[in-house]
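This report describes contacts that involve aromatic rings. Please examine the sequence and the model shown here before reading on.

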Amino acid sequence: MAGARREGADAYQRALGLLVRREHSRRDLTRKLAQRGVEPAEAAAAVDRLAGQGYQDDQRFAESFARDRTSAGYGPVRIRVELAGHGLAEEAIVAALAACEADWAALARRQVERRWRPAELGDPARRRKAVEFLLRRGFDQGDAWSAVRATPDEDADL
């Protein structure tokens with residue numbers, strides 16, 4: 001019996017050690033414990049205990065993840081897909097994106113301005129590449145095309 005308690009405590013300590021470094025979703029934490037040889041029932045019990053104590057919270061993870069990805073220049077479509085990949089419910093994903101309070105159109109414009117000069121975007125092929133870049137980053141088509149068209153004209157300063 002003491003061995004089982006020790007293993008359960010070990011799973012809890014391992015999970016807590018992972019959470020000290022950064023936030024994890026419930027699914028990720030359980031998967032990482034399994035990779036470290038923890039039995040599924042022990043892993044689930046440890047994660048449940050940590051969630052009950054407030055150390056693991058999927059909503060907090062989702063909001064932190066969404067803020068990090070937004071600040072890295074990613075759009076809502078990609079962030080939504082990545083959060084779903086972490087096993088989060090749709091409600092948590094929607095709440096996390098709302099918590100970002102991001103102006104997605106402005107963020108898309110900043111991404112274009114960082115990579116292309118306005119004169120370059122006069123070329124339809126470059127404009128298309130810029131849109132494709134924004135779509136890969138997770139912006140919707142409307143924001144991507146608006147960002148490419150909204151770049152300031154270099155000739156306006158002359």
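## Terms and basis

A residue is called buried when its relative accessible area is under 20%, exposed when it is over 50%, and partly exposed in between (1.4 Å probe, protein chains only). The model is predicted, so local features need pLDDT of at least 70 and side-chain atom pairs count only at pLDDT 80 or more, while totals for chains, interfaces and linings use all residues. Residues are numbered from 1 along each chain as its sequence is written, and side-chain values use heavy atoms, leaving out hydrogens and water.

## The pair F61 and F65

Rings of Phe, Tyr and Trp (its six-membered ring) pair if their centres lie within 6.5 Å; planes under 30 degrees apart are stacked, over 60 edge-to-face, and the rest tilted. The centres of the F61 and F65 rings are 5.7 Å apart with planes at 35°, so this pair is tilted.

F61 is buried at 2% relative accessible area, and F65 is also buried, at 16%.

## The pair W116 and F133

W116 and F133 form an edge-to-face pair, with 5.6 Å from centre to centre and 70° between the planes. The two residues are 17 residues apart and link distant parts of the chain. W116 is buried at 15% relative accessibility, as is F133 at 12%.

## Charges over rings

A charge sits over a ring if NZ of Lys or CZ of Arg is within 6 Å of the ring centre and within 35 degrees of the ring normal. The charged end of R49 lies over the ring of Y12, 3.7 Å from its centre. Likewise, R137 places its charged end over the ring of Y74, 3.9 Å from the centre.

How values were computed. Helix = DSSP H or I, 4+ residues; strand = E, 2+ residues; numbered from the N terminus.
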